[in-house]
Each structure stands twice: as C-alpha cells, then as structure tokens.
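Here's a quick briefing to read alongside the model. Keep the viewer open and click along as you go.

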Amino acid sequence: MKKQLKNSFWVIVAMATMTLINSCDDFEQFEPIGENSIEDATPPNAFFSYSQGQGVGDAWKGYTFANASTSATTYAWDFGNGETSTDVDGATVYSGEGTYTVSLTASDDLGVVSTYSETLEVVEPEEPLVANPTLINPDFDKLPKNNGNSSDCACSGWDNDDIGEQGESSSGNGGSDNVLKFDNNEPDHIYQEFEVTPNAEYSIAIVTSFKGLENNTPPMDSMLEVRVLSGAGYVSGYTPIYYATATEYPSSGYGYTTVAQVEDTTNNILTETIVNPGNDNYNTTTYTFNVGANNSVALFVRGMGGAAGGEYGYNSGDEEIRADSVTITALN
C-alpha cells in the first residue's frame, strides 16, 4: 500500500512538472516582443527630393521637399536653418546663399527609424539671358512684299501705309538694290513690330547716309527721326502678330494706325533724331532703351525736316537719306 502511494506521488510530481514547462512555453509565447525579437519585414526607408523656388525677387530662397519615404507613418524634418516640421512634405525659406544640411527621419509603428540627409548649396540663380529680337529684312534687301504683291521693295516687312509712305529701294554702300531710300521732300518711313522681354535693355544701331541737296537750295535740313513705340499704344483691340517672312506683313490696319498715335509722347519709349553729318559716308548711330512693361514694341523711322503738309503732315527735307541696316541687340 505504501509503495503504491509513493508511486502515485511521483506520477503527480511528473505531471505537475510537465504542466509547468508547458505553462512557461505558453507564457513566453505571449510576452511582449523585445527589440529585434522578430525582424521587421518592411522597415522604413527615408528619402526625399527637392526643388528651388522660381520667379521674381527672393523666390529662389524658397525650397520645397517631396517626401519619397516608404513603410513609414511619422516624419521629422530638419531643414538645416533652425526650422523643423513633422508634416509629410517639407518647405522652408532660407535667409540667403549658403550650405544647409537637410535631414528627414522616417519611423514606423514598431519604432524602427530611417534617416536620409542631403547637403544643399543654396545659390541665387543667374539672370537668364535676354534673347535678341527678331527683325524681318533688317538689311533692307529688295524682296517681294505685301502677301505676294508683284512689286519687290527694300521696304518689305517695314511698310505701314496708315502712318507714312513706303521707302524706296536704292543702291549704296557697295551694293545694288540693297538700301532703303527716304526720298527728298516725301513722307517716307519704315515700321515694324517685334517681341521683347519686359523691363529689358536693348540697343538699336542704324546705318545711314545723307546725300547732297537735290535742288541745290540750302539749307540742308533733312533729318531721320527714330522712335521706339510702346506696345501699350497699339490701336485698341489689336494683338501683335509676328510674321516669319516679309511677304506676310500687311501694309495697313495694324499696330499704330495714325500719326497722332505715333507722336503721342506717352507712347514713345525712345525718340531721337539723326541730323545730316555733312558728308555722304555710311555712319552707324546707336541708341539704348528700356522697354518697360511691354512684351512688344514697334520701331518707326521717318524722314523729317521738310515743309509739313500732305496726308501725313510731315516730309523729309531736300536731301535723300539711305538706310543700309537696322540691328537691335539685347544688353545682357
């Protein structure tokens, strides 16, 4: 009987031990996971891209940061200038040029973190170069004009019959039919519109020659008046059209349509006069001008000095004037 009780005792002890072992296993199965106890299958990976602000003034100092992190739920930005953020994407404005280290720390719900950093060289961009304007027939070659009109003329691309008569083709400066003539005692002109960059500076160079008195009656009074006209002064409702060839240019009904508009001082960006130098050399005269808020302006040149009158109210003097070329250049 004692032996039987003894054996039973050890059976109970063995069963209790097995139960305790199994209970410990179960306990360990449900205890909190320690750091790195189970590998994070999708750890966060921090990354971002950025872009510099564009536009006028201090827009270049502003930067935006696009968050490209993966497997993260929270974010911490350090922009390197004392500013921080917990937004998904970042943005800041730097005080000026310099080197700044930007860091993004991305975390997931398991507390795993990833940090990505990049060094920015914040530099004020150089001003973009202003392009030279495009002029059609700036050398006053004898070309077809007025949408295929049968007559060829050095005035091709330069005629506006609302404000003057067309200049004539002539020869000079070592060529044939290669210059435009403002004839004596006639209201001859040239006119053309062209695109410009607002607030930019430009120079205009015109090569001209003055001939002697046609009727040998002093004084020598012919002058060449050079005007740059504001696009703001175009006839109401007009939208500039920039033609690719001289034959496409109309001869009236566009841009400036009256001499009064031309002579309105509020419409003039530049007004200069080239006087007879007393010889017939081909001389280059250069002027500079700022176009202000305009994105289009017009060049208008006419002969002056003679008796006023006629349809347009002006005439050149007694000497013929020849224009060999016009060049307009952006001053960068």
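This is a predicted model: local features need pLDDT of at least 70, side-chain atom pairs count only at pLDDT 80 or more; totals for chains, interfaces and linings use all residues.

Helices (H or I, at least four residues) and strands (E, at least two) are taken as DSSP runs and numbered from the N terminus. On that basis the chain has two helices and 19 strands. Residues are numbered from 1 along each chain as its sequence is written, and side-chain values use heavy atoms, with hydrogens and water left out.

**The chain overall**

- Buried means under 20% relative accessible area, exposed means over 50%, and partly exposed is in between (1.4 Å probe, protein chains only). Of the 332 residues in the chain, 40% come out as buried.
- Accessible areas are from the Shrake-Rupley method with a 1.4 Å probe, and for residues only the protein chains shown count as cover. The chain exposes about 17900 Å², with carbon and sulfur atoms supplying 51% of it.
- Contact here means heavy atoms within 4.5 Å. Among contacts in the chain with a separation of 6 or more, 70% are between residues 24 or more positions apart.

**Nonpolar cores**

- A nonpolar core is a set of buried Ala, Val, Leu, Ile, Met, Phe, Trp, Tyr and Cys residues joined through side-chain atoms within 4.5 Å. The largest one has 33 residues, and Y202, I204, L299 and I328 have the most contacts inside it.
- The elements that give two or more residues to this core are β12 (175–182), β13 (188–195), β14 (201–213), β15 (223–230), β16 (268–275), β17 (283–290), β18 (296–304) and β19 (319–330). Of these, β19 gives the most, with five residues.
- What does I328 touch, leaving aside its neighbours within four places in sequence? I328 is in contact with N132, P133, L135, F194, Y202, S203, I204, F289 and L299.
- Apart from that core lies another, of 17 residues, including I163, Y191, Y234 and A246.

**Salt bridges**

- A salt bridge is a side-chain nitrogen of Lys or Arg within 4 Å of a carboxyl oxygen of Asp or Glu. By this rule there are eight salt bridges.
- K142 and D177 form one of them, at 3.8 Å from N to O. K142 is in the loop between β7 (113–122) and β8 (143–145) and D177 is in strand β12, so the pair ties together parts 35 residues apart in sequence.
- Both partners are partly exposed: K142 has 39% relative accessibility, and D177 has a relative accessible area of 30%.
- E263 and R302 pair up at 3.0 Å, N to O. E263 lies in helix α2 (residues 259–263) and R302 in strand β18, so this bridge ties together parts 39 residues apart in sequence.
- E263 counts as partly exposed at 40% relative accessibility, whereas R302 counts as buried at 1%.
- Salt bridges that share partners also join E168, K181, E320 and R322 into one network.

**More on R302**

- The side chains of R302 and E225 meet in a salt bridge too, at 2.6 Å from N to O. This pair links distant parts of the chain, with E225 in strand β15 and R302 in strand β18, 77 residues apart.
- Is E225 buried or exposed? E225 is buried, and so is R302.
- Leaving aside neighbours within four places in sequence, R302 is in contact with F182, D188, H189, M223, L224, E225, R227, V259, E263 and Y314.

**Strand pairing**

- Two strands pair if DSSP finds at least two bridges between them. Four strands make an open sheet in the order β4-β3-β6-β7, with antiparallel pairing.
- β4 (84–85) and β7 stand at the edges, each with a single partner strand, so one side of each has no neighbour in the sheet.
- β6 (residues 98–107) and β7 pair in the antiparallel sense over 10 bridges, and A106 stands opposite S114 in β7.
- β15 is mostly covered, with seven of its eight residues buried.
- β15 pairs antiparallel with β16 over seven bridges, where the bridge partner of V228 is L270 in β16.
- β15 also pairs antiparallel with β18, over eight bridges, and here R227 stands opposite F300 in β18.
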